[in-house]
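Work through the exercises below with the structure open beside you. Try each task before reading its solution.

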Amino acid sequence: MDIKQLIGETTDYDKKVALETKKPKSWCKSISAFANCYGGKLVFGVANDDALVGLSDAKGDAEKISEIIKTHLNPIPEFKLSFEKDNDKTFVIVEVMKGQQIPYYYEGDGQLIAFMRIGNESVPATPSQLRELVLHGSGESYDSLKSRYDFNNMSFTKLKSVYKQRTGNAFEDTDYESFGLVDEKGNLTNAGALLADESPVRHSRLFCTRWNGLTKASGIVDALDDKEYTGSLVTLLQAGTDFVRNNSKKAWRKVDDGRIEMPDYPDRAVLEGVVNALIHRNYMEIGSEVHIDMFDDRIEIYSPGGMVSGISLEGKDLLKIPSKRRNPILADIFSRLKYMERRGSGFKKILADYEGQVEFDESKMPVFDADNDDFTLTLYNLNYGSNYATQVNENVIENVIENVIEISEEKIKKLMPEYSKKKLAKAYEILKMISENPNISIDELRIALDVTDRTIARYISELKDKGIIERKGPDNGGEWKIK
């Protein structure tokens, strides 16, 4: 028999080789954490290396365990004691149910501490986690609470227009309360504050960055595009998906009856990822915002606050994880706007959207990572490392080769597949102007192309990194050389 057979099917477990009556906190913290999160089992008689040791007086220890829990846990969680045997060894198993009166505190040594499970450890709840536990224990959610802002100072033009556009229905005055934007007394809720046109909730901002390369520090020009968005959550959703769309491209493959478009990232997967980040984030976590970080090979969508139940996703079947909502009012509103479904199937839709793409393989499977404090979704670029994009830009390559004879086809293809047709055309214009006038300045290039200082600097940096051009001599008085 091993420990898995001993405890049976359970979400989480902890183990102690023996009962420590003089140090009850050493194991009562697990009881508190299980009750505050999603339940679990504490097994007495198992060593740290999972060796089955057993207890010499299991019946006596069980009585002491029950008494200590009733003395040191406040309120007392629901638990069951059972005995298991393995040959001549006896074990005590404490099964703790998910609590209905959270938070559950350990009380002793002049301390009152609520514990949470993070991975396989029981740790003290952070102030933010404790506030969330108190809310859950009271049967309320952050988005349902009265905000500190005045409803009369808010407008909801964006919400109303999107509701009309996506459902065909007009937003009525009675909908403010039915949607949960105000409470029964007409007070603006936190959900209302988050959905107002000029949302006053500063930490609801969205940060989007297109990084240059595979990390956040890949070269001279770190960020190719960088935006900060504020306002209604509806505005943030549209801005976030637009940012991804504007910083990605579609390749295509020829088929007998036409061609198949192959996007870097499936639209539905991106939408679901951004919706989940905005709707299910922990808005009581001050000083942290939702981030969309785009790299050459992937997108990382980060959201403060892990899974509502506190579980880790490691080793879990994502298709069988039950849907739980941290902000049920926000989730309901976005369901009414037809951005998500009430039954909560975001994981399934993201996975299905990827698996339905012609360029999909198992190495590009989306990755979901969560603990108590953070949630990160990684979406992989389906076209990264392939030669599909070359097909999109064949005619541009031919133009470059014909007009800039100093550049070999091999070097031009170093720009592939990262460059879209539009971007490669710009690069061609730069190379053409440099070949015609090696002394041309960066500012003259910028003016001729009608782009910003940042954009021309990015093109120059990338052409240098690809070994296409180099600068001879100083900035003033030097000249360009096409290699």
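**Exercises on charges and rings**

Arg117 and Asp12 are both buried. The model is a predicted one, so treat each value as computed from it.

**Exercise 1.** Find how the side chains of Arg117 and Asp12 meet, and which parts of the chain the pair ties together.

*Solution.* 
- Step 1: check the contact. A side-chain nitrogen of Arg and a carboxyl oxygen of Asp must lie within 4 Å. Here the N to O distance is 2.7 Å, and the two side chains form a salt bridge.
- Step 2: Arg117 sits in strand 7 (residues 111-118), while Asp12 is in the loop between helix 1 (3-7) and strand 1 (13-16), so the bridge joins parts 105 residues apart in sequence.
- Step 3: look for further partners. Asp14 joins Asp12 and Arg117 in a network of salt bridges.
- Step 4: The whole structure holds 21 salt bridges.

**Exercise 2.** Locate Arg210 and Asp296, and state whether they are buried or exposed.

*Solution.* 
- Step 1: take the distance. The closest N and O atoms of Arg210 and Asp296 are 2.9 Å apart, and the pair forms a salt bridge.
- Step 2: place the residues. Arg210 belongs to strand 9 (residues 206-211) and Asp296 to the loop between strand 13 (290-294) and strand 14 (298-304), so parts 86 residues apart in sequence are tied together.
- Step 3: check burial. Arg210 is buried, and Asp296 is buried too.

**Exercise 3.** Classify Arg336 and Asp332 by their relative accessible area.

*Solution.* 
- Step 1: recall the cut-offs. Buried means under 20%, exposed means over 50%, and partly exposed lies in between.
- Step 2: apply them. Arg336 has 26%, so Arg336 is partly exposed. Asp332 has 19%, so Asp332 counts as buried.
- Step 3: check the bond. Arg336 and Asp332 form a salt bridge, with the closest N and O atoms 2.9 Å apart.

**Exercise 4.** Describe the aromatic pairs Phe334 with Tyr339 and Phe347 with Phe375.

*Solution.* 
- Step 1: A pair of aromatic rings is described by the distance of the centres and the angle of the planes.
- Step 2: start from the total. A search of the whole structure gives twelve aromatic pairs. In one of them, Phe334 and Tyr339, the centres are 5.9 Å apart and the planes are at 40°, a tilted arrangement. Phe334 is buried, as is Tyr339.
- Step 3: take the other pair. The ring centres of Phe347 and Phe375 are 6.1 Å apart and the planes are at 25°, so this pair is stacked.
- Step 4: Phe347 lies in helix 11 (residues 346-355) and Phe375 in strand 16 (residues 374-380), so the pair links parts 28 residues apart in sequence. Phe347 and Phe375 are both buried.

**Exercise 5.** Which residues does His72 touch, beyond those up to four places away in sequence?

*Solution.* 
- Step 1: check burial. Its relative accessible area is 19%, so His72 is buried.
- Step 2: list the contacts. His72 touches Pro24, Cys28, Tyr105, Tyr106, Glu107 and Gly108.

Technical notes. Residues numbered from 1 in each chain as written. Predicted model: local features only at pLDDT ≥ 70, side-chain atom pairs only at ≥ 80, totals over all residues. Heavy atoms only, no water. Buried < 20%, exposed > 50% of the residue type's maximum accessible area, 1.4 Å probe, protein only. Contact = heavy atoms within 4.5 Å. Helix = DSSP H or I, 4+ residues; strand = E, 2+ residues; numbered from the N terminus. Phe/Tyr/Trp six-rings, centres within 6.5 Å; stacked < 30°, edge-to-face > 60°.
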